[in-house]
Amino acid sequence: MSEAEKVVCVTGASGYIASWLVKFLLQRGYTVKATVRDPNNPRKMEHLLALDGAKERLHLFKGDLLKEGSFDSVVDGCEGVFHTASPVINNFTDPQLWYSLSKTLAEAAAWKFAKENAIDMVTINPGFVIGPLLQPTLNTSVEPLLKLVNGAKIIPNATYRWVDVRDVANAHILAFENPSASGRYCLVGRVMHCYEVVKILRELFSDLNLPEKSEDDKPFVPTYQVSKERAESLGLNFTPVEVSLKDTVESFKEKKFLSV
Ligand SMILES: NC(=O)c1ccc[n+]([C@@H]2O[C@H](COP(=O)([O-])OP(=O)(O)OC[C@H]3O[C@@H](n4cnc5c(N)ncnc54)[C@H](OP(=O)(O)O)[C@@H]3O)[C@@H](O)[C@H]2O)c1
């Protein structure tokens, strides 16, 4: 079966990662059934409808995780389902724990369901996703980077597991197309302290007003390594973090998110 005949579903298609996924799937010739909560909201939909191939091969459906059975008829007959829909919260203190818990419980429930129903499932577990935005609105994971380049006075004493949104979208497709893909794939391009991020941004952009001081006098939160081996076994080539940072800031500029 050619890709053009392959019908796949992407849930939460208007989101940050899903928009890139839909773009790459259409580029590869797939027919995409995309679910969104409100297909009539042009702000959520316009960037998807403008993608190459969308006119011919993108079909929109309404789908809400909080409504039982909402996705049943959409996924029916699909070769594969890329399930990305999820509330992604924007607070990195206490509620972040609830977000992490929700992801852990949701993944455990999905593995149980897949096992009980003989579904061939693979999970993609990205770190902190950055990279250019296709959607017109700001998403949660690029917010800390926007804050940093948008007049922050201090550098957070924090370390993140950075990964490019295009790598995350590609990994989903590589995992789908590779019949031997199995289990979980952690995607982390590089673990880096915010101080190092600011250093790279300073070299890349002379026009940015970047912070100089760390938020506290404590030792820097340490970095560590996350193996790329399994993700690379899918054929994924990670985007260098310098490229991701450059493209993210350029995207902020293009979308006029920068106020300084
Ligand atoms: N970005 C990251 O750093 C990161 C890292 C690890 C994992 N992830 C996971 O990757 C997935 C996509 O994340 P993202 O960063 O692309 O987030 P995003 O831009 O916020 O996209 C999430 C999408 O989920 C949809 N959604 C929210 N609640 C829903 C509900 N009740 N029913 C149906 N759809 C709903 C939203 O749809 P509406 O447009 O209708 O609001 C939105 O389009 C999520 O599962 C997230 O947990 C993200």
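Leaving aside neighbours within four places in sequence, Arg-166 is in contact (heavy atoms within 4.5 Å) with Trp-20, Phe-24, Pro-132, Thr-239, Val-243, Ser-244 and Asp-247. The model is a predicted one, in which local features need pLDDT of at least 70 and side-chain atom pairs count only at pLDDT 80 or more, whereas totals for chains, interfaces and linings use all residues. Residues are numbered from 1 along each chain as its sequence is written, and side-chain values use heavy atoms, with hydrogens and water left out.

Arg-166 belongs to helix H7, which comprises residues 165-177; helices (H or I, at least four residues) and strands (E, at least two) are DSSP runs numbered from the N terminus. Arg-166 counts as buried because its relative accessibility is 18%. The classes are buried under 20% relative accessible area, exposed over 50% and partly exposed in between, with a 1.4 Å probe and protein chains only. The side chain of Arg-166 is joined to that of Asp-164 by a polar contact of 2.8 Å. Such a contact is a pair of N or O atoms within 3.5 Å; within protein, one must be able to donate a hydrogen and the other to accept it, and residues adjacent in sequence count only if both atoms are side-chain atoms. Between Arg-166 and Phe-238, 72 residues apart in sequence, the C-alpha to C-alpha distance is 9.2 Å.

Trp-20, one of the contacts of Arg-166, is located in helix H1. Trp-20 is likewise classed as buried, since its relative accessibility is 9%. Not counting residues up to four places away in sequence, Trp-20 touches Pro-132, Leu-134, Val-165, Arg-166 and Ala-169. With Pro-132 there is also a polar approach: a polar atom of the Trp-20 side chain lies 2.9 Å from the backbone oxygen of Pro-132.

His-193 is found in strand S10 (residues 190-193). It is buried, as its relative accessible area is 5%. Which side chain makes a polar contact with the side chain of His-193? That partner is Asn-157, at 2.8 Å. Apart from neighbours within four places in sequence, the contacts of His-193 are Pro-156, Asn-157, Ala-158, Thr-159, Phe-220, Val-221 and Thr-223.

Glu-107 lies in helix H5. Its relative accessible area of 16% places Glu-107 in the buried class. Beyond residues up to four places away in sequence, Glu-107 touches Thr-123, Asn-125 and Arg-184.

The next topic is the ligand. Of the 24 residues around it, those that come nearest are Ser-14, Tyr-16, Arg-37, Tyr-99 and Lys-103; a residue is near a molecule or strand if one of its heavy atoms lies within 4 Å of it.

| Residue | Protein atom | Ligand atom | Distance |
|---|---|---|---|
| Asp-64 | side-chain N or O | nitrogen | 3.1 Å |
| Thr-84 | backbone N or O | oxygen | 3.0 Å |
| Val-129 | backbone N or O | oxygen | 2.9 Å |

On its own the ligand has 890 Å² of accessible area, of which the protein covers 85%; the areas come from the Shrake-Rupley method with a 1.4 Å probe, and for residues only the protein chains shown count as cover. The residues of the shell divide into eleven nonpolar, nine polar and four charged. Here Ala, Val, Leu, Ile, Met, Phe, Trp, Tyr, Cys and Pro count as nonpolar, Asp, Glu, Lys and Arg as charged, and the others, Gly among them, as polar. Helix H1 (16-27), helix H5 (94-116) and strand S6 (128-130) each supply at least two residues of this shell.

The chain is divided into domain 1 (1-85), domain 2 (92-119) and domain 3 (124-260), with bounds from an automatic or database domain assignment. Why does the ligand lie between domain 1 and domain 3? The reason is that both domains give residues to the shell around the ligand. The C-alpha centres of domain 2 and domain 3 are 23 Å apart.

Finally, backbone geometry deserves mention. Most residues other than glycine have a negative phi. Ala-118, although not a glycine, has a positive phi of about 50°. Ala-118 is placed in the loop between H5 and strand S5 (122-126) and counts as exposed at 75% relative accessibility. Lys-256, also not a glycine, has a positive phi of about 60°. Lys-256 occurs in the segment after helix H10 (241-254) and is exposed, with a relative accessible area of 72%.
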